[in-house]
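Load the model and keep the sequence beside it. The paragraphs below go from the overall fold to single residues.

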Amino acid sequence: MRPTRTTTLPPLRTSSATVLPCALAVLAALVATTTAAASERRFAFTYESLVLNPGHIEVEQWNTFRGGREELYLRFDERIEFEIGVLENLQMAWYLNATAVTAAAGGALTKELEFGGVSNEWKWKLLDPVADPVGLALYGEWTAAPSEAELEAKVIVDKRFGDLIVALNVVGEAEWELEGPDEVKQEIVVELDAGLAYLLTPQLGLGLELRNHNEFVAAGFEHSALFAGPTLSYAAEGWWTTLSVMPQIVALAAHVSPTLQDLHDHERINARVLLGFDL
């Protein structure tokens with residue numbers, strides 16, 4: 001979603017010397033208006049501060065792949081999101097979540113398909129990334145599933161320098177998972193996400209994302225891993241899509257393998273495709 005620009009057109013004249021420039025100006029104004037109405041995301045893991053206009057509705061399909069551990073491990077996380085602009089600078093969303101995992105452990109192969117519950121998101125934009133020195137938004141999300149619950153909060157900072165977009169997220173999560181009749185495992189996640197993208201054209205963007213994931217349990221710090229990779233985005237009238245591929249660069253602590261990666265709690269590669277449609 002980009003800020004709306006107002007284009008003032010010169011008075012029309014009947015001479016052929018002015019007809020073509022005026023027609024091009026009208027076309028440019030229409031393109032600018034169409035682009036401003038879009039609500040595309042330029043990163044798949046890192047959030048930007050912009051929100052939907054009041055009454056605007058968008059549907060997003062999330063597809064996240066995680067693969068490669070000490071043994072065979074393939075995981076697909078699917079989310080369907082319904083975003084709604086509630087008030088000026090405030091949006092909310094509902095998610096339906098599902099997960100499919102194929103994994104090998106001790107020579108045995110297991111396959112699981114799990115309903116991941118329902119999530120509810122609220123995002124409040126405080127500053128605009130173009131009009132203000134930086135963009136700033138606060139984000140909150142809760143998830144309720146049959147065997148787990150989660151609370152997530154984000155501070156979103158971003159800035160637009162012409163065709164260059166910079167974004168940084170500070171993320172905190174609290175997760176509770178029911179592992180037995182009287183056993184609940186609690187985890188705290190602290191994550192830093194960052195993105196840098198350049199718009200090659202108003203529609204096509206190319207960039208880089210970085211993600212540092214850290215987990216804590218009751219006994220203290222558990223593990224940390226750093227991911228980074230390219231992101232590609234495309235936005236057209238009424239729809240947009242974004243792809244990020246993020247291999248694990250290095251394990252910063254805990255289960256470090258000879259390859260300097262954590263393949264016990266993290267994967268060799270994470271990838272995500274987002275597809276959004278305006279309604």
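Two strands pair if DSSP finds at least two bridges between them. Helices (H or I, at least four residues) and strands (E, at least two) are themselves DSSP runs, numbered from the N terminus. With that in hand, look at the fold. 12 strands close into a barrel, in the order β1-β2-β3-β4-β5-β6-β7-β8-β9-β10-β11-β12, with antiparallel pairing. From one strand to the next, the twist averages 20°. Axes here are lines fitted to C-alpha atoms, for helices over the stretch in contact, and angles run from 0 to 180 degrees between N-to-C directions.

A word on the source. This is a predicted model, in which local features need pLDDT of at least 70 and side-chain atom pairs count only at pLDDT 80 or more, while totals for chains, interfaces and linings use all residues. Residues are numbered from 1 along each chain as its sequence is written, and side-chain values use heavy atoms, with hydrogens and water left out.

Now the chain as a whole. It has 1 helix and 12 strands. Along the sequence the pattern reads α-β-β-β-β-β-β-β-β-β-β-β-β. Of its 279 residues, 40% count as buried. Buried means under 20% relative accessible area, exposed over 50%, and partly exposed in between (1.4 Å probe, protein chains only). Contact means heavy atoms within 4.5 Å. Among contacts between residues at least 6 apart in sequence, 54% join residues at least 24 apart.

Next, follow β1. On one side, 11 bridges join β1 to β2 (residues 73–87), and the two run antiparallel. I57 stands opposite I84 in β2. E60 stands opposite E81. β1 and β2 form a hairpin with 5 residues between them, and G68 in the turn has a positive phi of about 95°. β1 also pairs with β12 (residues 269–278): 10 bridges join these antiparallel strands. There, V59 has F277 as its bridge partner.

N89 is found in the loop between β2 and β3 (90–105). Its phi is about 70°, although N89 is not a glycine. Most residues other than glycine have a negative phi. N89 counts as partly exposed because its relative accessibility is 27%.

Turn to S49, in the loop between α1 (16–37) and β1 (57–67). Is S49 buried or exposed? S49 counts as buried, because its relative accessibility is 0%. Its side chain makes a polar contact with the side chain of D158, at 2.8 Å. A polar contact is a pair of N or O atoms within 3.5 Å; within protein, one must be able to donate a hydrogen and the other to accept it, and residues adjacent in sequence count only if both atoms are side-chain atoms. Leaving out residues up to four places away in sequence, S49 touches K123, K125, L127, P129, G135, L136, A137, I156 and D158.

The largest cavity is lined by 15 residues, and S39, E40, R41, L50 and K123 lie nearest its centre. β1 and β4 (108–127) each supply at least two residues of that lining. On a 1 Å grid over the protein atoms alone, a cavity is a set of points where a 1.4 Å probe fits but cannot get out; lining residues have an atom within 4 Å of a point.

Conventions: 1 Å grid on protein atoms, 1.4 Å probe; cavity = no way out; pocket = protein on both sides within 12 Å on 5 of 7 lines; lining within 4 Å.
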